[in-house]
Every structure is written in C-alpha cells, then in structure tokens.
Amino acid sequence: MQLPQAQVAVLEAASADEARSVDALAAATDLPPETVTGALFALEEEGLVAVDERVEETLAVTDEGREYANAGLPEVRLYRAALDAGADAEPVQMGQVIGRSGLEGPQVDIALSNYARKGYGTIDSGELAADPDADPDADAEANALETLAEAAAADEDGEAGAGDADADEPAGVPADAVDADAETLDELERRALLERSETTVRSATLTELGVTELMAGVEAAETVGQVTPELLTSGEWRDVEFAEYNVAADAEELRPGRVHVLRRTAERVKEVLVGMGFREMDGPHADADFWINDCLFMPQDHPARTHWDRFALEEPSHIDELPADLVERVERAHREGVGEDGEGYHSPWDEDFARALALRGHTTSLSTRYLSGHQIGEIEPPARFFSVEKAYRNDTLDATHLLEFFQIEGWVMAEELSVRDLMGTFEEFYAHFGIEDIRFKPHYNPYTEPSFELFGTHPTTGELIEIGNSGIFREEMLEPLGVDCDVMAWGLALERLAMLVTGAEDIRDLHGTLADLEFLRNAEVIY
C-alpha cells in the first residue's frame with residue numbers, strides 16, 4: 001500500500017493499544033500539528049485509524065486580571081477605603097474616598113461602576129456610603145480571579161521547570177478545575193479579566209485494518225503538496241502526483257482589524273441622513289455654557305448645570321469672546337421672556353457663568369451656533385442639519401449610560417412644522433435600520449414645546465429602551481437667535497441605536513474599559 005510520506009509517518013507512530021493525541025503524534029513524527037491533523041483525516045477516510053474528538057475549555061487570566069488578583073479588585077479597594085473614611089457611618093465625599101483608595105485613571109470608573117452593583121454601598125450626588133454588612137472577602141469574582149491566578153502561576157512554574165514555557169501566552173487553566181459558577185466567570189470575561197478559549201483535542205487509534213496494512217508493509221508515495229514557480233516553469237507539474245487538499249483540516253485563526261461596530265453604525269446614520277437631505281454640522285467639544293445651555297433657554301440654576309453633572313475646564317476656564325448683541329438678547333429672554341405673554345425665569349443670570357468652558361453635555365450647542373448664524377453665516381429656511389458627535393455627562397455608569405457617548409443631533413427649519421412632521425421624520429429614519437415599532441412619550445424640556453421621548457424595543461430582552469429626546473424649539477430660544485420660523489429638533493443616542501441593531505444588552509460592551517472584545521470581533525450591524 002502506498003501513502004503520502006506524512007500519512008506513513010503518522011500511521012507508524014499511532015498505536016492500536018492507546019489513543020495518541022495530535023500533539024503526541026507531532027512530537028513523535030517531527031511534523032507540524034496541522035500536518036498531522038490532515039494526515040489523520042485522510043487515514044480515517046481509508047479506515048486505517050479511528051479519530052476521537054473532544055472540546056476542552058481553558059481559562060487564562062489577562063494582565064489586568066493578574067494585577068487585580070495581586071492588588072485587589074478596584075471596587076473592593078474602594079470599599080475598604082470607604083470603611084477607612086467612615087462611610088459606613090455617614091456618606092463621605094467621593095473624591096476623599098478615591099484618594100484614600102489609591103485608584104487612578106480607568107480604575108476609578110471601574111470601581112464606581114461595580115461598587116453599587118455588588119452591594120458595597122451607594123453613590124449619590126458625589127457622596128459615597130458604605131454598607132457595613134458587606135463582606136469583600138466573600139466577593140465571588142475576587143476569589144475566582146485569585147484562584148485562577150494562583151493556578152496559572154503554578155502551571156507556569158511547572159512549564160518553566162520543564163523548559164517549554166511560552167512567555168507570550170498566559171497559562172491556561174482547565175475550566176472544570178476552577179470552583180466558580182458560570183455567572184461569575186461570565187462577569188470576569190465581560191470585564192476582560194479572563195479569556196476563555198476552546199480547543200478541539202483529537203486523538204487517534206489504529207484500526208484492525210491499519211494494523212494489517214502496517215504488517216503487510218506501507219510505502220511512501222512521492223507526492224507534491226504545494227505548487228511552486230519551479231514546477232510551473234519547468235512543466236514538471238504535469239507529471240507529479242499532488243497530495244489531496246483537506247478543507248476540513250484545522251487552520252490558524254486570523255483576527256484582522258475591522259471597523260468598530262459603533263463606527264459602522266455612525267457611518268450608516270450619516271448615509272441615511274444625507275440621503276434624507278441633511279447637511280452635517282461640526283464644532284468644538286469644549287464650549288462656553290452660553291452655547292451649550294444659555295442659548296437653549298435653560299436657566300442657570302437648572303440642576304443639570306451644576307458641577308455634579310458637567311465636566312468644567314480648569315484651564316482655560318472661560319471663553320474670551322461672545323457676540324455681545326446675542327448675549328444681550330439671550331439674557332433678556334431669560335430675565336423677561338419673549339412676546340407679550342413671556343415671563344422668563346425671574347432668576348439670576350450671570351454673563352461670567354455663561355462664559356464658563358465645559359465639555360458639551362449635548363451636541364445641541366452645535367445647533368445654537370448654526371441657528372444663530374455665527375458658525376457658517378445666516379441660514380435660510382427650509383434647511384436640514386445633523387451631526388453625529390460626542391457628548392460628555394457626569395452620569396452614573398450602568399447598562400445604558402456612559403460618561404461619554406455619541407449623540408445624533410438633528411433639526412429642520414421650515415414654516416408651519418408640527419409634531420406629525422417630527423414623528424414622520426423619526427419613522428422614516430429608523431425604518432432604514434429595520435426598526436418600525438417606535439414609541440413616543442410626552443416629556444418636558446426647557447427649550448422645546450411640545451416635547452417627547454422616543455423608545456425602541458430591544459430585540460433580545462424585549463425591553464423598551466429610551467433612544468432619544470425631541471420637540472419643537474420654543475420661541476424663547478429661537479427669537480434671540482434671530483430665527484422667525486419653526487424648528488423641530490432631536491438628540492438621539494447612537495449607542496442605543498447600536499444596541500437595537502446588534503442585540504448588545506449593555507452599552508459598556510460596545511466601548512470603554514469594559515468593552516466585550518469577542519462581541520466586537522463578531523457583532524454584525526443588521527439593518
């Protein structure tokens with residue numbers, strides 16, 4: 001019997017008494033594992049070997065996971081610091097506790113996002129309280145992480161002693177060797193503190209036919225496994241015997257770069273809005289409160305304008321120039337209102353406060369710049385503008401809120417616009433993404449009347465998710481800007497749209513320090 005050289009080597013290395021793995025056969029034949037796997041498939045088709053397959057799951061602690069296994073999870077460190085600060089007796093300023101904890105950079109956000117989730121206490125209005133009954137020593141995630149790190153370190157020590165440790169790959173621990181429930185391991189994986197991998201382990205045993213053929217004698221046939229330039233130019237390819245190409249053989253997994261799912265969604269949003277006749281706006285991320293809030297007829301004592309809800313700039317702290325005539329008109333609208341029935345807010349209005357610089361809490365600051373004519377000049381109706389840009393808010397992190405997010409800003413300027421026009425615009429826009437069950441709920445905004453929120457149904461959980469806010473701009477906002485016709489406007493959440501079209505259940509899976517890399521590698525944007 002004649003077989004290709006690799007198949008002969010594998011057949012001779014196999015045993016009828018015990019199953020031998022691909023790695024063992026590769027070591028015995030000095031062949032690459034993928035070559036051995038291909039040879040086994042071919043020998044199995046000939047009935048010479050029996051191939052057994054099983055899937056093994058291994059868990060590997062990431063570099064960040066190792067750091068937390070040694071120093072403690074950020075939320076545990078925050079809780080211990082809170083106890084030291086006396087937060088179990090009465091709430092303590094959050095900054096004071098963070099300073100005691102030694103947490104820095106992204107670890108602060110991670111600690112804050114997991115602190116309340118695990119029942120260590122509460123965070124409210126910049127103050128942190130600690131539950132005296134919480135037990136950080138019983139933290140399932142911390143204990144599982146420590147167990148995994150210790151097991152991995154033991155394996156690495158053993159491999160290093162054997163001289164075959166791979167410094168580039170974290171040591172994997174068999175999943176069934178870790179005493180932790182699936183929910184805990186899922187959370188550690190979501191936080192990118194461990195990596196799961198599944199490996200197909202194959203082993204082979206000689207069949208009776210294989211033993212018989214070996215006893216009768218098996219010869220190596222001369223075959224060619226790859227076409228080379230020399231074979232083609234010499235014409236020898238016509239006379240050689242080519243080895244069969246096995247499409248079922250294992251191949252190396254390739255993970256090329258790809259466009260982020262959020263970026264793909266944003267680009268699609270831009271395509272849709274441009275197709276609907278809109279032009280794109282842009283402008284500064286850090287802007288004066290005047291453009292961010294005052295021009296929106298939002299009172300200066302509104303809770304959203306406190307330092308708890310905004311990210312103020314320290315240097316520079318104020319904008320140098322604002323259009324004096326517009327400042328005067330906006331201040332008058334705040335103090336006295338607009339029109340015969342205007343009331344205004346009868347509350348203090350300070351130009352110095354209006355000049356204060358902050359990261360924009362919404363991209364409506366772009367709309368006020370454009371509508372006022374100070375960005376690109378006076379705009380004549382009818383006109384349609386949009387932007388897909390970042391906004392920044394000091395929100396509590398959860399499944400639908402981040403400190404920074406993308407907002408789909410848009411407005412239409414025309415005569416005699418109505419709520420029906422606004423709703424119809426949304427129905428047309430979301431239909432491009434396969435979303436046809438938009439719900440509307442009346443709402444209050446200082447700068448629109450009427451106003452309403454938009455909700456969409458999550459494709460996986462079935463929950464209604466708020467996806468935007470909208471309304472018709474009030475006269476008190478438009479008159480100071482010099483606009484004398486109707487303007488309907490909206491601010492929609494790009495991340496929540498992405499959740500609806502990808503099925504992601506947590507906004508933190510899409511971007512940020514807790515992003516689910518496996519989800520991002522495989523997620524498809526479905527329209």
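Leaving aside its neighbours within four places in sequence, with which residues is H443 in contact? The residues are S451, F452, E453 and N469, where contact means heavy atoms within 4.5 Å.

The structure is a predicted model, in which local features need pLDDT of at least 70 and side-chain atom pairs count only at pLDDT 80 or more, while totals for chains, interfaces and linings use all residues. Residues are numbered from 1 along each chain as its sequence is written, and side-chain values use heavy atoms, with hydrogens and water left out.

H443 belongs to strand 15 (residues 439–445); helices (H or I, at least four residues) and strands (E, at least two) are DSSP runs, numbered from the N terminus. With a relative accessible area of 31%, H443 is partly exposed; buried means under 20% relative accessible area, exposed over 50%, and partly exposed in between (1.4 Å probe, protein chains only). The side chains of H443 and E453 are joined by a polar contact of 3.4 Å. Such a contact is a pair of N or O atoms within 3.5 Å; within protein, one must be able to donate a hydrogen and the other to accept it, and residues adjacent in sequence count only if both atoms are side-chain atoms. N469 is 26 residues from H443 along the chain, and their C-alpha atoms are separated by 8.3 Å.

R355 lies in helix 15 (residues 351–355) and counts as buried because its relative accessibility is 19%. Its side chain has a polar contact of 2.9 Å with the side chain of E351, and a polar atom of the R355 side chain lies 3.1 Å from the backbone oxygen of D320. Not counting residues up to four places away in sequence, R355 touches A288, S317, H318, I319, D320, E321 and L322.

A134 is placed in the loop between strand 6 (127–130) and helix 8 (140–162). A134 is buried, at a relative accessible area of 18%. Apart from neighbours within four places in sequence, A134 is in contact with Y79, G119 and Y120. Y79 and A134 are 55 residues apart in sequence, with a C-alpha to C-alpha distance of 9.0 Å.

**Packing of helix 5 and helix 7**

Two packed helices are described by the angle between their axes and the distance between the axes. The axes of helix 5 (residues 74–84) and helix 7 (residues 106–115) come within 8 Å and cross at roughly 80°. Axes are lines fitted to C-alpha atoms, for helices over the stretch in contact, and angles run from 0 to 180 degrees between N-to-C directions. The two helices, helix 5 and helix 7, are therefore roughly perpendicular to each other; angles under 35 degrees count as roughly parallel, over 145 as roughly antiparallel, 65 to 115 as roughly perpendicular and the rest as oblique. From helix 5, P74, E75, R77, L78, Y79 and A82 meet Q107, I110, A111, L112, N114 and Y115 in helix 7.

Four strands form an open sheet in the order 2-8-3-7, with antiparallel pairing. Strand 2 and strand 7 (172–174) stand at the edges, each with a single partner strand, so one side of each is left without a neighbour in the sheet. Strands pair if DSSP finds at least two bridges between them.

| Strand pair | Sense | Bridges |
|---|---|---|
| Strand 2 (residues 20–21) and strand 8 (residues 194–206) | antiparallel | two bridges |
| Strand 3 (residues 49–61) and strand 8 | antiparallel | 13 bridges |
| Strand 3 and strand 7 | antiparallel | three bridges |

S21 has S203 in strand 8 as its bridge partner, and E56 stands opposite T199 in strand 8. T58 has P174 in strand 7 as its bridge partner.
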